[in-house]
Amino acid sequence: MKKIAILGSTGSIGVSTLDVVDKHPEMFQVVALTAGTNLELLKTQIEKFSPVLVSVLTAEHAAQLDRMLSGKKPQIMHGVEGLIAAATAPDATMVVAAIVGAAGLVPTAAAISAGKDVALANKETLVTAGHLIMDLVQEKGVNLYPVDSEHCAVFQSLVGHRKEDVSRLILTASGGPFWSWSSEKVAGATINDALNHPNWSMGKKISIDSATMMNKGLEVIEARWLFDIPVDRIAVHIHPQSIIHSMVEYLDGSVMAQLGMPDMKGPIAYALTYPARIPAGVKPLDLTSLSGLTFHRPDPLRFPALDLAYQAARSGESMPAVMNAANEIAVEAFLSGRIGFAAIPVAIEKTMELHEPHALRTFEEVLEADRFGRRTARKVLKFEE
Ligand code: NAD
Ligand code: MG
């Protein structure tokens with residue numbers, strides 16, 4: 001029995017994780033769940049999986065959840081303290097980090113510090129604090145399994161090979177909903193246009209990141225840390241069918257790829273059971289039903305966010321954390337209708353221009369860089385504090 005804690009259980013990845021768990025009740029036991037504000041869904045999950053501990057966003061949400069539950073209740077906590085308690089739950093051996101945004105950093109770091117293996121969906125953790133997290137993983141001797149489909153594909157394509165023989169990683173990107181749109185049309189994209197991803201059904205923030213291609217930029221930085229490879233040896237190919245999930249090119253010219261239907265239950269299951277494979281409810285791939293697999297170069301003019309992420313990665317130090325924070329503010333502003341789609345990368349770029357990168361030696365310094373990025377992005381967007 002693998003005992004797991006799921007941070008962000010009511011999100012897209014959280015729900016898919018519980019789907020996989022539900023198919024294999026003999027293999028997994030859920031010991032802790034955390035959610036933000038979706039108490040109805042959390043209640044259903046509690047009734048089905050009987051965790052001993054749950055955490056929600058605020059004390060009010062905790063009180064409300066307590067009133068909604070009857071019979072044997074789990075311990076109900078809230079806030080960062082609750083997230084940390086779930087991430088370090090004594091019984092858990094694996095933590096699924098599926099909170100969105102930099103809010104995932106502190107609990108993920110707490111899980112690693114407590115010696116838990118981590119199935120990592122929260123890419124922002126590695127974008128903001130990659131070096132500190134990887135050092136902590138080493139120090140604690142835990143395993144960090146990527147859930148992001150591209151990184152899971154790279155991970156699978158590295159098994160059985162020597163790291164020194166790798167020449168490049170090639171991350172694939174669907175291109176998002178606007179891949180074939182003109183610049184003018186992209187500039188006028190609505191929230192619904194941007195949320196309408198062609199191949200994947202995901203949370204709102206990552207859906208917008210996919211539309212701007214910042215998601216791929218965050219993934220380049222994530223890969224840089226996970227696989228300890230310079231960003232200039234990480235390439236991005238647009239692959240609109242999302243069948244090849246990423247590739248590793250070796251010194252002899254061989255390329256190893258991982259293929260499958262685009263369904264996050266595949267990477268989630270692999271992270272939960274590595275090196276074993278279990279049925280996860282992913283439809284088998286029928287290559288004969290596809291009309292072709294195509295690949296294209298990204299277009300930096302229509303999608304400047306990818307280049308901003310490469311720039312931030314090359315600057316290093318505090319720049320990726322500041323870029324990530326500016327992105328979170330700009331995406332929120334777009335989702336609430338305050339700015340247009342084209343203003344997202346502009347706000348990120350201006351915020352980066354106003355930042356002088358400096359070394360980040362502690363998680364507190366990462367959080368300070370995050371706060372600087374948020375503050376500066378709000379100023380750039382002329383929002384009242
Ligand atoms: P989502 O928005 O659907 O879910 C996020 C979860 O985190 C929810 O349970 C929410 O309640 C919780 N949450 C949000 N803010 C919080 C906060 N401040 N404190 C506590 N909890 C909070 O997001 P998602 O699409 O499931 O993505 C989660 C993470 O996984 C992201 O980092 C994303 O980049 C990554 N990821 C997602 C997918 C996907 O297919 N959805 C694929 C690859 C990677
Ligand atoms: Mg991905």
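This is a predicted model: local features need pLDDT of at least 70, side-chain atom pairs count only at pLDDT 80 or more; totals for chains, interfaces and linings use all residues.
**Exercise 1. The chain as a whole**

State how many helices and strands the protein chain has, and decide how its radius of gyration stands to the globule rule.

*Solution.* 
Step 1. The protein chain contains 16 helices and 11 strands.
Step 2. Its radius of gyration is 20 Å, close to the 21 Å that the globule rule gives for 385 residues; the chain is therefore as compact as a globular protein of that length.
Step 3. Taken along the principal axes, the box filled by the C-alpha atoms is roughly 55 × 55 × 40 Å.
Step 4. Of the 385 residues in the protein chain, 54% are buried.

**Exercise 2. The magnesium site**

Identify the residues that coordinate the magnesium ion (ligand 2), and explain which parts of the chain aspartate 148 and glutamate 219 tie together.

*Solution.* 
Step 1. The coordinating residues are Asp148 (OD), Glu150 (OE) and Glu219 (OE), at 2.1 to 2.2 Å from the magnesium ion (ligand 2).
Step 2. The spacing of these donor residues in sequence is D-x1-E-x68-E.
Step 3. Aspartate 148 is located in the loop between β7 (144-146) and α7 (149-158), while glutamate 219 is in helix α11 (residues 214-226); the pair therefore ties together parts that are 71 residues apart in sequence.
Step 4. Aspartate 148 and glutamate 219 are both buried.
Step 5. Helix α11 also holds alanine 223, which is buried with a relative accessible area of 0%. Alanine 223 and proline 146 are 77 residues apart in sequence, yet 9.4 Å apart in space, C-alpha to C-alpha.

**Exercise 3. The second largest pocket**

Describe the second largest pocket by its volume, its lining residues and the domains that contribute to the lining.

*Solution.* 
Step 1. The space in the second largest pocket amounts to about 510 Å³.
Step 2. Its lining comprises 22 residues, and those nearest its centre are Phe155, Leu158, Lys163, Leu226 and Phe227.
Step 3. Two or more lining residues come from each of α6 (124-140), β7, α7 and β8 (166-173). Strand β7 gives the largest share, 3 residues.
Step 4. By residue class, the lining has 15 nonpolar, 2 polar and 5 charged residues.
Step 5. Domain 1 (2-146) and domain 2 (151-262 + 294-305) each supply at least three residues to the lining.

**Exercise 4. Two serines with positive phi**

Give the phi values of serine 50 and serine 242, and classify each serine as buried or exposed.

*Solution.* 
Step 1. Serine 50 has a phi near 45°, a positive value in a residue other than glycine. The phi of serine 242 is also positive, at about 50°, although serine 242 is not a glycine.
Step 2. Serine 50 sits in the loop between α2 (39-49) and β3 (53-56), whereas serine 242 occupies the loop between β9 (234-238) and β10 (244-250).
Step 3. With a relative accessible area of 52%, serine 50 is exposed. Serine 242, at 5% relative accessibility, counts as buried.

**Exercise 5. Separation in sequence and in space**

Find the C-alpha separation of alanine 62 and aspartate 252, and that of glutamate 353 and methionine 319.

*Solution.* 
Step 1. Alanine 62 is part of helix α3 (residues 59-68) and is buried, with a relative accessible area of 10%.
Step 2. The C-alpha atoms of alanine 62 and aspartate 252 are separated by 57 Å, and the two residues are 190 residues apart along the chain.
Step 3. Glutamate 353 belongs to helix α15 (residues 343-353) and, at 60% relative accessibility, counts as exposed.
Step 4. Glutamate 353 and methionine 319 are 34 residues apart in sequence and 9.9 Å apart in space, C-alpha to C-alpha.

Key: Residues are numbered from 1 along each chain as its sequence is written. Chains are lettered from A and ligands numbered from 1 in the order in which they are written. Side-chain values use heavy atoms; hydrogens and water are left out. Donors are N, O and S atoms within 2.8 Å of the metal (3.2 Å for Na, K and Ca); water is not among the atoms, so sites may look incomplete. Helices (H or I, at least four residues) and strands (E, at least two) are DSSP runs, numbered from the N terminus. Buried means under 20% relative accessible area, exposed over 50%, partly exposed in between (1.4 Å probe, protein chains only). On a 1 Å grid over the protein atoms alone, a cavity is a set of points where a 1.4 Å probe fits but cannot get out, and a pocket is an open set with protein on both sides within 12 Å along at least five of seven lines; lining residues have an atom within 4 Å of a point. Grid points are joined across faces, edges and corners, and a volume is the space filled by probe spheres set on the points. Ala, Val, Leu, Ile, Met, Phe, Trp, Tyr, Cys and Pro count as nonpolar, Asp, Glu, Lys and Arg as charged, and the others, Gly among them, as polar. Domain bounds come from an automatic or database domain assignment. The radius of gyration is taken over C-alpha atoms; the globule rule is 2.2 Å times the number of residues to the power 0.38.
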